[in-house]
Structures are given as structure tokens and as C-alpha cells.
Amino acid sequence: MLNRRHIRVKVMQSIYAMHQNGSDDLEKEEKFLSYSIESIMDLYLIMISSLIELQKKEAEFIALSSKKHLATPEERKPNTKFIDNKIFQILEESNTISIALKDKKINNWTVNDDAILLLLQDVKQSDLYQKYMNERATNFEKDKQFIIDLFTEVVAPNEKLYNYLEDYKLTWVDDIPLVNTQILKQLNQILEKESNFKVAKLFKDEEDKEFVNLLFRRTVLNEIEFAKDFFDKTPNWDMDRIAEMDTIIIKMAICEFLKFPSIPTKVTINEYLEIAKEYSTPKSSIFINGILDNLVKEFHSADRIKKIGRGLL
């Protein structure tokens with residue numbers, strides 16, 4: 001689920017928070033970083049379970065409506081196409097989802113069922129829902145496409161749901177797009193003959209998992225030295241005037257140049273320029289690009305960059 005860029009962003013945010021708090025407790029800050037990243041799995045499970053709960057709440061509503069003393073003909077013989085959707089069934093019957101929800105103690109929609117009821121209301125008021133319910137013919141592919149469209153157009157961009165998630169855990173603001181993209185990818189991959197939904201892994205492999213703490217620790221422990229490397233590359237800038245986020249991004253890039261022999265310098269530069277465009281000032285990427293280009297040339301001349309493998313320079 002996590003890609004290297006998102007890992008870099010989480011490390012950058014942790015270093016920034018460490019600076020803002022004036023903290024020098026490396027172990028404590030490292031634990032917070034790990035907690036922040038591990039909680040992405042909670043967000044993933046909450047979003048997956050929102051689909052399951054939508055189906056459950058609608059099934060409960062239909063059951064109660066049919067038992068009303070003055071139930072209408074539509075309530076006595078309701079259209080159950082939504083709750084019978086095959087993708088809902090696959091998600092609800094997934095062992096890995098149910099085990100993960102239990103292990104991580106995810107019960108947000110039980111504790112806050114108002115949030116899911118509001119989401120269900122928005123779903124039923126959508127044109128997408130109305131069109132789906134009015135189509136008589138159905139099959140696995142149509143059910144699947146409906147859930148994909150529902151998640152894309154109604155669930156993922158739902159403002160009430162977003163506000164709930166933001167209020168619940170502020171660190172999730174930057175994680176929501178990542179998680180939603182992962183869920184959409186998995187929904188698209190569901191096959192009728194192999195109808196088993198497996199919970200995504202947080203890290204692609206052990207190397208990515210190790211990259212988190214290595215990048216954080218190596219950057220923080222060498223910040224003073226890294227600052228010296230680029231201080232004289234900014235003659236027209238007072239160091240106090242350079243955005244705090246920019247200095248962190250530059251130090252992290254230097255760390256990758258010097259401390260991560262398997263990461264190509266071009267990859268490092270491109271990654272941090274994209275991060276700067278999103279998280280720092282409008283002109284930061286141009287400023288950072290100039291600094292990093294000069295540093296790479298200088299480090300090569302001084303034989304300080306030691307990359308392993310083909311095409312890594």
C-alpha cells in the first residue's frame with residue numbers, strides 16, 4: 001500500500017513536528033512516526049468496512065420497514081438489489097477483513113452509526129444509486145462497476161465522511177487519497193471466479209519498512225552536518241529566511257545521496273521536488289532543485305556519493 005514517496009512525506013512531517021516541538025527525544029519521535037504509519041492500516045480498514053456497513057444498515061432498514069403495521073406495498077416487497085450486490089457479499093464474507101477488524105479493534109461504525117447513516121442517505125439520494133436500482137438486469141460485472149463508481153463518486157469524496165475522519169485523527173488528512181486509491185485498485189481486481197478479498201499489506205516488503213526508520217534516524221542524527229553541506233550554496237539567502245520545510249527536504253535528499261547507496265540520485269531529486277511542490281512554498285521546488293543539482297556535482301567531484309548497481313548515478 002505505502003509507496004516510497006508517501007514514506008518520505010511521513011518522515012518529513014515527523015521531522016518537522018520534532019522541530020516545532022523542540023524535541024530531541026529521538027526514540028519518542030521514532031515511536032510516533034511508527035504509530036502514524038501503522039494507523040494508516042486503521043484508516044484503510046475503516047474505509048473498507050464503510051462499504052460493508054452501508055449494506056448492513058440498508059438491510060436493517062428494509063427488514064424494519066417490511067414489519068411496519070401500515071407498510072406500503074413497496075416496503076412489503078422491497079427492491080433488494082443494493083443489499084444483494086455480489087461485491088458487498090464478497091467483502092462481508094472476507095475472512096481477512098473480519099480478522100483484521102477484530103485484531104485492530106475497528107468498531108467506528110458501531111460507535112458512530114450516525115456517520116454511516118448519513119453516508120447511506122447520500123448514497124440513496126445519488127443518481128448513481130437510482131439508476132442502478134432501476135435496472136432490472138444484473139450480473140457480477142455490473143455489480144462490481146456499481147461499487148467502484150459508488151466508492152469513487154459518492155463514498156470517497158463525501159464531505160461528511162471526510163470531516164469525520166479528519167476529526168478522528170488529524171494525521172490521516174494526507175493518507176486518505178493513498179488509502180482510497182488502494183481500495184479502488186483492489187475493487188477493480190476482484191474476479192467472480194476468485195471472489196476472495198484480501199486485506200492489503202501496509203508495506204510492499206521489509207526493505208520499505210526498514211526505510212522508514214533508517215531515513216528518519218539518519219537524517220535527524222546528521223542534520224548539523226547536512227546543513228553545513230548546503231549552507232554555502234545559498235549566498236543570497238539568510239538561512240533564517242529559508243522555509244523550514246525546505247531545509248528538511250534538502251537534508252533528507254542529502255541523506256539519500258550519501259547514506260542510501262541503492263537509491264539513484266535522480267530518483268531522490270525527482271521525489272523531493274514533487275514533495276516540495278505539494279508541501280512547501282510555490283517557489284520552493286525551483287530553489288531546492290538548484291541546491292540539489294549543485295550538491296550532486298560537488299559530491300561526485302569529492303567522491304562522496306557511492307551508489308551500488310547500474311544506472312544509479
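1. Trp109 is buried in this predicted model, with a relative accessibility of 4%. Tyr164 is buried as well, at 15% relative accessible area. Ten aromatic pairs are present in the structure. Trp109 and Tyr164 form a tilted one, with 5.3 Å from centre to centre and 40° between the planes. Because Trp109 belongs to helix 6 (residues 108-111) and Tyr164 to helix 10 (residues 159-168), this pair ties together parts 55 residues apart in sequence.

2. Tyr168 and Trp172 make a stacked pair, because their ring centres are 5.5 Å apart and their planes meet at 25°, under the 30 degrees that counts as stacked. Tyr168 is partly exposed, at 44% relative accessibility, whereas Trp172 is buried, at 0% relative accessible area.

3. A cluster of rings is also present: Phe82, Phe88, Tyr129, Tyr132 and Phe146 are linked by ring pairs.

4. Helix 13 (residues 223-231) has Glu223, Phe226, Asp229 and Phe230 buried. These residues lie on the same side of helix 13, because they cover an arc of only 115° around the axis. An α-helix has 3.6 residues a turn, so residues three or four places apart point the same way. Ile224, Lys228 and Phe231 are exposed on the other side of helix 13. The buried residues of helix 13 pack against helix 1 (4-21), helix 12 (206-221), helix 14 (244-259) and helix 16 (284-301).

5. The largest pocket has a volume of about 300 Å³. Its lining consists of 14 residues, and Gln182, Gln186, Gln189, Phe197 and Lys198 lie nearest the centre of the pocket. By type, the lining has six nonpolar, four polar and four charged residues.

How values were computed
Residues are numbered from 1 along each chain as its sequence is written. This is a predicted model: local features need pLDDT of at least 70, side-chain atom pairs count only at pLDDT 80 or more; totals for chains, interfaces and linings use all residues. Side-chain values use heavy atoms; hydrogens and water are left out. Buried means under 20% relative accessible area, exposed over 50%, partly exposed in between (1.4 Å probe, protein chains only). Helices (H or I, at least four residues) and strands (E, at least two) are DSSP runs, numbered from the N terminus. The arc is that of the directions from the helix axis to the C-beta atoms. Contact means heavy atoms within 4.5 Å. On a 1 Å grid over the protein atoms alone, a cavity is a set of points where a 1.4 Å probe fits but cannot get out, and a pocket is an open set with protein on both sides within 12 Å along at least five of seven lines; lining residues have an atom within 4 Å of a point. Grid points are joined across faces, edges and corners, and a volume is the space filled by probe spheres set on the points. Ala, Val, Leu, Ile, Met, Phe, Trp, Tyr, Cys and Pro count as nonpolar, Asp, Glu, Lys and Arg as charged, and the others, Gly among them, as polar. Rings of Phe, Tyr and Trp (its six-membered ring) pair if their centres lie within 6.5 Å; planes under 30 degrees apart count as stacked, over 60 as edge-to-face and the rest as tilted.
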